[in-house]
Amino acid sequence: MTKILVVGSSGLLGSWFSEEATKLKSKLNWTIKTVSKSHIADYQGDFSDWTFANSCMQEFKPAIIINLVALTDVDRCEREPHEAYQLHMGVPENISRYMQTEKNCWALQISTDQVYDGEGYKKEENVSIKNIYSLSKRAGEMALPADRTVVLRTNFFGRSVSGHRKSFTDWAYGAFLSNERITLFSDSIFNPLHGRTVAKMMCEVIQNPRFGIFNLGSHEGLSKADFVIYFAKLVGVHKEIYTVSKSVSVPDRARRPLNMLMDVSKFETTYNLPLPSLKEEINKTKDEYHV
Ligand SMILES: NC(=O)c1ccc[n+]([C@@H]2O[C@H](COP(=O)([O-])OP(=O)(O)OC[C@H]3O[C@@H](n4cnc5c(N)ncnc54)[C@H](OP(=O)(O)O)[C@@H]3O)[C@@H](O)[C@H]2O)c1
């Protein structure tokens, strides 16, 4: 039996992971326990608090700890840096502290494509930090023991199954349905995956961990403007409710990276798992959104 503790299980990615892991857990003999702060889970509380975190880990004695905790509101991280560090570093620090005594335990840390900026598809070492969100996420990666941690830097979309967290495509779909005027950015470029694909890849990693930092994204990335227009046409809600603009022109918000494209070849070769193109991934949303 492999005991897996999922911290941040009730969020966007945690809900996709839960669905994928449920399909596999009896076949692979996984026992999964979950942690969330304000939603129902096996353990409910603040995992950045050592007393709570330690009591969960000591009771369950996990062999694998998956960390999905995040404050993904980039502007709030900039306004509340203490909170951002408390979560993005405090949770990995607590996991790391437990791993110091439990030498057979390893961690799967989910990180972000926001640690990149600049031309082209970036390799894992080409980090370029632009804001508190990405700095605190990078610090969280470094708080875990490198020889027993898999870090997956990723981004994702798709119809949320979490019940309380909306994805990027949920936001776009809602805007088209309600005729809300939106601004789409032509200078913000990324190569995310469908959240379900990220969850499937997490399940692959659990079965055959190779420690290190890996980019996990799609091929042939798009600007956020081209992404939303392609998605809206695909799901049949496209109409001219949007303005295409540059993200650098928006005042009063945290600085953001513009080009988050990730080179995913290290993950593909190490895990021997080919990754799809971004349009193939967007095509998976066609049956998820119905007008
Ligand atoms: N969302 C994105 O677009 C995106 C893009 C790139 C990378 N990522 C990364 O992907 C990972 C998952 O993100 P997500 O979007 O799934 O996040 P999310 O939806 O905000 O979920 C965060 C989870 O963490 C839990 N949590 C928050 N504070 C906690 C605490 N102090 N103690 C215990 N649990 C706590 C939340 O529980 P409650 O809800 O019960 O409070 C929730 O289950 C993160 O590492 C994030 O950086 C996300």
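Predicted model: local features only at pLDDT ≥ 70, side-chain atom pairs only at ≥ 80, totals over all residues.
Local features are given where pLDDT is at least 70 and side-chain atom pairs where pLDDT is 80 or more, while totals for chains, interfaces and linings use all residues. Residues are numbered from 1 along each chain as its sequence is written, and side-chain values use heavy atoms, with hydrogens and water left out.

**Helix α6**

Helix α6 spans residues 132-143; helices here are DSSP runs of H or I with at least four residues, strands are E runs of at least two, and both are numbered from the N terminus. From first to last C-alpha, the 12 residues of α6 reach 16 Å, close to the 16 Å expected at 1.5 Å a residue. The expected span is 1.5 Å times one less than the number of residues.

Nine of the 12 residues of α6 are buried, where buried means under 20% relative accessible area, exposed over 50%, and partly exposed in between (1.4 Å probe, protein chains only). Among the buried ones are Tyr133, Lys137 and Glu141. Their cover includes the helices α3 (74-79), α4 (81-88) and α5 (90-101), together with β5 (106-112), β6 (149-154) and β11 (212-216); contact is taken as heavy atoms within 4.5 Å. At the start of α6, the backbone nitrogen of tyrosine 133 has a side-chain oxygen of asparagine 131 within 3.3 Å.

**The ligand**

The ligand is surrounded by 28 residues, and Tyr133 and Lys137 are among the closest, along with Ser10, Ser38 and Arg165. A residue counts as near if one of its heavy atoms lies within 4 Å. By class, the shell holds 10 nonpolar, 14 polar and four charged residues. Nonpolar covers Ala, Val, Leu, Ile, Met, Phe, Trp, Tyr, Cys and Pro, charged covers Asp, Glu, Lys and Arg, and the others, Gly among them, are polar.

| Residue | Residue atom | Ligand atom | Distance |
|---|---|---|---|
| Glycine 11 | backbone N or O | oxygen | 3.1 Å |
| Lysine 37 | polar backbone atom | oxygen | 3.3 Å |
| Aspartate 46 | polar side-chain atom | nitrogen | 2.8 Å |

The protein covers 90% of the 900 Å² of accessible area that the ligand has on its own; areas come from the Shrake-Rupley method with a 1.4 Å probe. Two or more shell residues come from each of α1 (12-28), β5 and α6, and β5 gives the largest share, three residues.

**Serine 247**

Serine 247 is in the loop between β13 (242-245) and α10 (265-271). Serine 247 counts as buried because its relative accessibility is 8%. Leaving out residues up to four places away in sequence, serine 247 touches Phe185, Asp187, Arg253 and Leu258.

Conventions. Polar contact = N/O pair within 3.5 Å; in protein donor to acceptor, adjacent residues only side chain to side chain.
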